[in-house]
Amino acid sequence: MNPVPAAKIQFLPEDRAWIADRIQEVLASGQLTLGKYGAEFERAFAAFCGVRHAVAVNSGTSALEILFRSLGIEGKKVIVPSNTFFATAAAVVHAGGTPLFADMDPGTFALGPETVKPLLGPGVAGIVTVHIGGVVSPRMPELAALAREQGLWLVEDAAHAHGSAWGSTRAGGFGIGATFSFYPTKVMTSAEGGMIVTNDDRLAEESRIYRDQGKKSFAENAHVRMGYNWRLSEPHAIIGLKHLERLPAMIADRQAIAARYDRGLRTFQNLEPLAVPPDGVCNYYKYIAVLRRKTNRQELKKVLRERHGVSLAGEVYEAPLHLQPVFAKFARGPLPVSEDLCSRHICLPVFSGMADEDADRVIRALAEVVG
Ligand SMILES: Cc1ncc(COP(=O)(O)O)c(C=O)c1O
């Protein structure tokens, strides 16, 4: 019996051939960065998200730092969830700001208005929310209204949420700007890469300046911002362009596996899947389920792997950021919901191309081990 991996990247043979042909073309032309494929990837991604601008960069981490630099956060405070990946808060620090860690809304694993309110005060410039696991909180309009009332901007770190939505708005369209990651574990990949999306002309222009060494324009050598080399190469853009075309089908595959899990876990006593809001679309970057009883997660993962050949995916997240040593100086006391739920959830394997029988095996293994 083949093991069930935690995740798998799918590039169909015809897509690999399409990508290889175009990489041959750019190798022959010598146009290897900031060329026509990068521009096409940007146009297609902006259209997919329903926004006016997209700026392609070399990672989700650089997308965050560029957006924060473009917003001007030096010397300012930024409210970020403690339950997120290192880069969300690290980018605030790299751009000269101070992260204020907020607790999570247990219903979505993300920020809620009531977890943000205690942190509002002088010096706060904005709020960053993260669509954990691809779930867009139904409270996004409330969060956006709170930001507006307070004169703050709202940014989405949408690294998990390509194609996710709430109501008629796709991830990337709720705030002043949003960032995406195309790291290989994500729902779509460009090998490495990231994207900034926005409806704001100035932010888009600033982002283009920052990503290319702070140069006023591609052709001019006037450096007007403290930029960096954050450019995306043409081979990466070509890979991303093809995966973007496949994204709706890949999301549908993930949703079908998730629906199977939803049905299979219905009778479980100790495992409760994180519900997707009725008006929401989830891309199932992760299938999150909460353990009702305190369970040794490391031991559970080991038993599933060794006895059942099932690898669970990485948590979102194993520990909240305010407990990470490097952020200790920004921590301001316990965040009980994040600390509890970070320690008490698991993520089931889900990927495009996963066989139904493998999902059923995961359910059977969990029934035996967790129940
Ligand atoms: C929430 C979140 N933000 C930012 C990033 C950073 O993206 P990248 O790995 O492309 O730099 C990731 C992914 O790894 C992430 O999960």
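In this structure, strand 1 and strand 9 (residues 194-198) pair in the antiparallel sense over five bridges, where pairing requires that DSSP finds at least two bridges between two strands, and where helices (H or I, at least four residues) and strands (E, at least two) are DSSP runs numbered from the N terminus. The model is a predicted one, in which local features need pLDDT of at least 70 and side-chain atom pairs count only at pLDDT 80 or more, while totals for chains, interfaces and linings use all residues. Residues are numbered from 1 along each chain as its sequence is written.

**Strand 1**
- Strand 1 spans residues 53-57, and five of its five residues are buried, a residue being buried if 20 or more other C-beta atoms, placed from the backbone, lie within 10 Å of its own, exposed if 12 or fewer do, and partly exposed in between.
- In a regular strand the side chains alternate between the two faces of the sheet.
- Both faces of strand 1 are covered, with His53, Val55 and Val57 buried on one side and Ala54 and Ala56 buried on the other.

**Helix 3**
- Helix 3 (residues 60-71) has twelve residues and reaches 17 Å from its first C-alpha to its last, close to the expected 16 Å, the expected span being 1.5 Å times one less than the number of residues.
- Just after helix 3, Gly72 takes a positive phi of about 75 degrees.

**Helix 2 against helix 8**
- The axes of helix 2 (residues 36-49) and helix 8 (residues 234-264) come within 8 Å and cross at roughly 30 degrees, with axes being lines fitted to C-alpha atoms over the stretch in contact and angles running from 0 to 180 degrees between N-to-C directions.
- The contact is made by residues including Tyr37, Phe41 and Phe48 of helix 2 and Glu234, Ile238 and Leu244 of helix 8, contact meaning that two C-beta atoms, placed from the backbone, lie within 7 Å.

**Ile251 in helix 8**
- Ile251 is found in helix 8, and it counts as buried because it has 22 C-beta neighbours inside 10 Å.
- Leaving aside residues up to four places away in sequence, Ile251 touches Gly163, Val187 and Asn283.
- Ile251 and Ser352 are 101 residues apart in sequence, yet 7.3 Å apart in space, C-alpha to C-alpha.
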